[in-house]
Structures are given as structure tokens and as C-alpha cells.
Amino acid sequence: MPAEENIKQELIAKFGYLQDAIKIQRQRRIFVETDSNNFHKLFDYAVKQLKFSHLCAITGLDEQGRLSVIYHLAQDSGIVLNLKISVPKESPVLKTVMPYFPGAEVYERELVDLLGAKVEGLPAGHRYPLTDDWPVGEYPLRKDWKPSENQEKGGLNKNA
């Protein structure tokens, strides 16, 4: 049995509710969609038991009424596990994965700045990638975002 199928079967054995939520898209690519309540147990298991020891990226998506986040994890073997969760756009609260991967901070700051997610446990720090003078409540990767008049005229720098 291919390694991807073994991982799928192990996840189903441990988390039965994933029976129809796991897809092997192609060789070395596994996609799993779960709810935010079960995400951290699944994430912990993937990292500690299945040895997905590399965080490749975190992708944020505006899917109309929901914000979705995909955590791309890899094993040394090259298999990538993509864990997707969705949260309501009106209250997009996630928990940080920095205890597992301290480098997740930059990705999580992007989720905050660009999509308006709230990441619980993310330490205070500078904004990223937007500048500190970017307007509060303006999330440029949301599909319903419209640039303000100031932004349309060339940005926020008043000295330009």
C-alpha cells in the first residue's frame, strides 16, 4: 500500500470523523478538511505521531462567508499533508501553531494583516507585511475589500 494511503488509513483509525474528509490528490499530496474544534488534536497527531516535522507554508483564503486556512506540513519523505480549516468571516479566530513551529509567526501575522484573522497566542509584535500606518480594519486579501481614497491615490505615505 502506498505511504499516502497508510497515512490516510491511520488518520481515519484515529479520527473516524475524517472518513470522507481525506483526499489523496496525487502522489505525495494528502488533503484533509476538518473543523476548528478538532484541528489542534489532528495537527498535534500529524506532527508528533506521523512525523510531519516541517511547516512549508500557511495559506489563507477568503471563501465568501468564511475564511479558510490551509496548513501545509511535510515529512522528510516528501509527503505533504494539507490541513484545512474554515472559520466564520465575522469572527475568524484561530489558535497559533507557534508552539510546534516558531517560524509560523510570519505566516500568522500575514493572516492577521491581510485577511483579518484573530490568532490566539500570537505574541505582540510589528505588523507584517503591511506597514504600521495601514488603516485598521482594512484587509486587502478579502474579496469584499475596496481600497480607500487615500490608497487609490498612491498609498499611505503622506510625504510621497
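Analyst: K89 counts as buried, because its relative accessibility is 11% (buried is under 20% relative accessible area, exposed over 50%, partly exposed in between, with a 1.4 Å probe and protein chains only). This is a predicted model: local features need pLDDT of at least 70, side-chain atom pairs count only at pLDDT 80 or more, and totals for chains, interfaces and linings use all residues. Residues are numbered from 1 along each chain as its sequence is written, and side-chain values use heavy atoms, leaving out hydrogens and water.

K89 forms a salt bridge with D144, with the closest N and O atoms 3.6 Å apart (a salt bridge is a side-chain nitrogen of Lys or Arg within 4 Å of a carboxyl oxygen of Asp or Glu). This pair links distant parts of the chain, 55 residues apart. D144 sits in the loop between β7 (118-120) and α4 (149-152), K89 in the loop between β5 (80-88) and β6 (93-95). Helices (H or I, at least four residues) and strands (E, at least two) are DSSP runs, numbered from the N terminus. D144 is exposed, at 51% relative accessible area. A network of salt bridges links D62, K89 and D144.

The whole structure holds 6 salt bridges. Among them is R109 with E105, at 2.8 Å from N to O. Both lie in helix α3 (residues 104-115), 4 residues apart, about one turn of the helix. R109 is buried at 11% relative accessibility, while E105 is partly exposed at 28%.

D44 and K48 also pair, their closest N and O atoms 3.0 Å apart. Both lie in helix α2 (residues 36-48).
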